[in-house]
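Take a look at the structure first, then follow each solution step by step.

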Amino acid sequence: MSGLNASLGYFLAVVTSGVSAKAVLRRWSALSFLLEFASSLVLVACWLEVQTILEVGEWAGGLGPDVSITILFVVLLTHGVTCGDASGNPTLVLRRFLMLEAGPLPTLLALPVQFLGAHLALLVAAYYWGLELTDMHMIKNLMSTSCSTSLLVSVLQGFFTEFVCSLVFHLIHLGLRRRSALIRVPLVAVLLTFLFHIARGYTSAYLNPALAYGLTFQCPGFSFREYATVYWLGPLTGMTLAVFLYTGHIPRVFARNLLYSQKTCFRVRKGNNSGEQEEKKKKGNNNKKQL
């Protein structure tokens, strides 16, 4: 339990720091893009510790897979509650841009700081592991220089896995975006946990280019271009197709709806209009006669 207690303390410290940073940054609207930096930092830093529990927690800390999945769900749920509009996910930022919900400048500013936050999260986690507070973290510190890649299949299979999972995620996320946060946030956390669980033997379905950069791009086994094909191009392609299927077009690219009709479902019959006009004329004539 000492390993779990240390991990919970780490999660609490990271989330508290991220929430405090966001509270300060919200005072300056010109620096609102830095909220994505804080959100990405918190998400990647926490997920790196979840990855530690998954890799060595079972035989170094007595933490089974059920504990790991539960902690992952709690991390995703907490992140969803605290992040607000700043998701720390480049695909969600680009989706807002494609759907005309964000301008070019905020998008261009948000994307690089998300990856900067992911890189800083690597340094934070490495410092924490270097403290070697428990046996689990001591082993992780020794393994940090030779981590295991999350991409366990070929590049083509990995691209298809991330593409399909991203397509499913964004279609459901678009359908839930008008729902109350009390419904949307837990459902999104459950969905992400489920996709990670079923895709763990393939790519782990990170569905987040910045998150994947922090978790597996540093590991040997594949080149940077191969990782980018799977973890950047795959989610972006799935997201773009999801927007097209959901709206019938890509609003940023073209306005014409190619899938769904714009006609209204209800039509007013002409006969009804003419009948109403005749009744109005009769009433007018009756009023004149009375006068």
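**Exercise 1.** Find how many disulfides the whole structure holds, and describe where the cysteines lie.

Step 1. A disulfide here is a pair of cysteine sulfur atoms within 2.5 Å. Searching the whole structure gives one disulfide. This is a predicted model, where local features need pLDDT of at least 70, side-chain atom pairs count only at pLDDT 80 or more, and totals for chains, interfaces and linings use all residues. Residues are numbered from 1 along each chain as its sequence is written, and side-chain values use heavy atoms, with hydrogens and water left out.

Step 2. The partners are Cys-147 and Cys-219, with sulfur atoms 2.0 Å apart.

Step 3. Cys-147 sits in the loop between helix 6 (135–143) and helix 7 (155–176), and Cys-219 in the loop between helix 9 (209–215) and helix 10 (224–247), so the bond ties together parts 72 residues apart in sequence. Helices are DSSP runs (H or I, at least four residues), numbered from the N terminus.

Step 4. The torsion about the S-S bond is about -125 degrees, so this disulfide is left-handed.

Key. Helices (H or I, at least four residues) and strands (E, at least two) are DSSP runs, numbered from the N terminus.
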